[in-house]
Amino acid sequence: MASSYFVHTLISLFITPLVLIALFAFFPFFCISRIILFLYRFVVSENMKGKVVLITGASSGIGEELAYEYARRGCSLAIVARREKKLWKVAEKAKSLGCLDVISIRADVSNVQHCKRFVDQTVKHFGRLDHLVNNAGITSLCSINDVTDITMFTSLMDINFWGSVYPTYFAIPHLKKTRGKVFVNSSSSAIMHPPSISFYTASKAALISFYETMRVELAPEISITIATLGYTDSEIMGGKHLKDGVMHIDSQLLSDATVLPVISCSDCAKSIISAICRKERYITEPKYISVLFFVKSVCPQAFEWFYRTFEHKFCIGHASSTKIAYK
Ligand SMILES: NC(=O)c1ccc[n+]([C@@H]2O[C@H](COP(=O)([O-])OP(=O)(O)OC[C@H]3O[C@@H](n4cnc5c(N)ncnc54)[C@H](OP(=O)(O)O)[C@@H]3O)[C@@H](O)[C@H]2O)c1
């Protein structure tokens, strides 16, 4: 026991200077290769005409705009969500924008059978699958101090984490055939850890860890792009959240808590699709959020101080929210 501790101490002593020397030696080559790769990807982008894309959570917000942007690029679409009537409207508009063919599938991504069904239905209808866009997600807004029943948040993990993992699992054999791409919508909050959304943040961080591992296991046939977006002007920003195990809407909730300006869903959608087509590993919008990630990694205390000082902005009460019906 004592000797193993000694060995670990010795390795710790040597490993830091060795890594620093290696980094210093390889850094110029690393930078050059990154620039070459960036320029190559800037020029070579996938032509989406005639390709088949499956989008979850396409009935509103970012998913809806992703459907329109893929439609403009001449794709065929399978769009999935629980609100069927909203999906029909999105399908109509997508067709008018240039979508070759579109099927709307009512499904709940937290249900494994539904996920198998919509992946199978997509491949049966179109004969192939090129991009799987895991976008569906929900949020909760609640400090742990105010939780009365901890089991009320399990559906958040089921939708945000398993709701991406299930479709990915069923899509893998089809994506391998087309050397396709997987997109997953995580969040900047998975890295920034703001208060009042701990369950959401944990589900989005789980996505990053899972898909980082998938990146290795599925290469080189399938490439993976992970989004870490900031505040985006969608129904979530309109105050849609999980409360007492069901979805509620409170329009005042997030508009009061927003400390940074929001970005539009259509701007996000354009950036996301460009990133997927160029096989980018990550996409962050607005771009300046990446600088905040760096600051957070070197000085987390600054963020903790900020969150505590402006706690009243983040720890929000639930004054007057209305239940959402999913029919
Ligand atoms: N808005 C932001 O500031 C922000 C920032 C970072 C990341 N994101 C992520 O972006 C993604 C899209 O969210 P959004 O901002 O565009 O919000 P949104 O307008 O509320 O869209 C969420 C979409 O997910 C679908 N969805 C939710 N639960 C589902 C379920 N169980 N089964 C199938 N579909 C389901 C919703 O459709 P139905 O309700 O019709 O089922 C809707 O189409 C989410 O994963 C979110 O976490 C958002």
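The legends below walk through several close-up views of a predicted model.

Residue numbers start from 1 along each chain as its sequence is written. Because the model is predicted, local features are described at pLDDT of at least 70 and side-chain atom pairs count only at pLDDT 80 or more, while totals for chains, interfaces and linings use all residues.

View 1. Strands here are DSSP runs of E with at least two residues, helices are runs of H or I with at least four residues, and both are numbered from the N terminus. Two strands pair if DSSP finds at least two bridges between them. Strand β6 (residues 223–227) is joined to β9 by 2 bridges in the parallel sense. In that pairing, Ala227 has Ile283 of β9 as its bridge partner.

View 2. A residue is buried if 20 or more other C-beta atoms lie within 10 Å of its own, exposed if 12 or fewer, and partly exposed in between, with C-beta atoms placed from the backbone. In a regular strand the side chains alternate between the two faces of the sheet. Strand β1 (residues 52–56) runs parallel to β4 and is joined to it by 3 bridges, and Ile55 has Val133 as its bridge partner in β4. Strand β5 (residues 181–185) pairs with β4 over 4 bridges, also in the parallel sense, and Leu132 stands opposite Val182 in β5. Helix α5 (residues 154–178) carries the chain from β4 to β5 in a right-handed β-α-β crossover. Right-handed means that, with the strands pointing away from the viewer, the path from the first strand over the helix to the second runs clockwise.

**View 3. The shell around the ligand.** Which residues come nearest to the ligand? They are Gly57, Gly61, Arg82, Gly137 and Ser234, out of the 31 residues around the ligand. A residue counts as near if its C-beta atom, placed from the backbone, lies within 6 Å. Helices α2 (61–72) and α5 each supply at least two residues of this shell, and α2 gives the most, with 3 residues. By class, the shell around the ligand has 11 nonpolar, 14 polar and 6 charged residues. Here Ala, Val, Leu, Ile, Met, Phe, Trp, Tyr, Cys and Pro count as nonpolar, Asp, Glu, Lys and Arg as charged, and the others, Gly among them, as polar.

View 4. Helix α3 (residues 84–96) has 13 residues and should span 18 Å at 1.5 Å a residue, which agrees with the 19 Å between its end C-alpha atoms. The expected span is 1.5 Å times one less than the number of residues. Leu87, Val90, Ala91 and Ala94 are the buried residues of α3. Seen down the helix axis, the buried residues of α3 fall within an arc of 105°, so they line one face of the helix. That arc is taken from the directions from the helix axis to the C-beta atoms. Exposed Lys85 and Ser96 sit on the face of α3 turned away from its buried side.

View 5. Most residues other than glycine have a negative phi, and most peptide bonds are trans. The peptide bond from Ala219 to Pro220 is cis, with omega near 0°, and Pro220 is in the loop between α7 (198–218) and β6. Another cis bond joins Glu285 and Pro286, with omega about -10°, and Pro286 is in the loop between β9 and α10. Ser196, in the loop between α6 (189–192) and α7, has a positive phi near 75°. Is Ser196 buried or exposed? Ser196 is buried, because 22 other C-beta atoms lie within 10 Å. Lys279, in the loop between α9 (265–277) and β9, has a positive phi near 55°. With 15 C-beta neighbours inside 10 Å, Lys279 is partly exposed.
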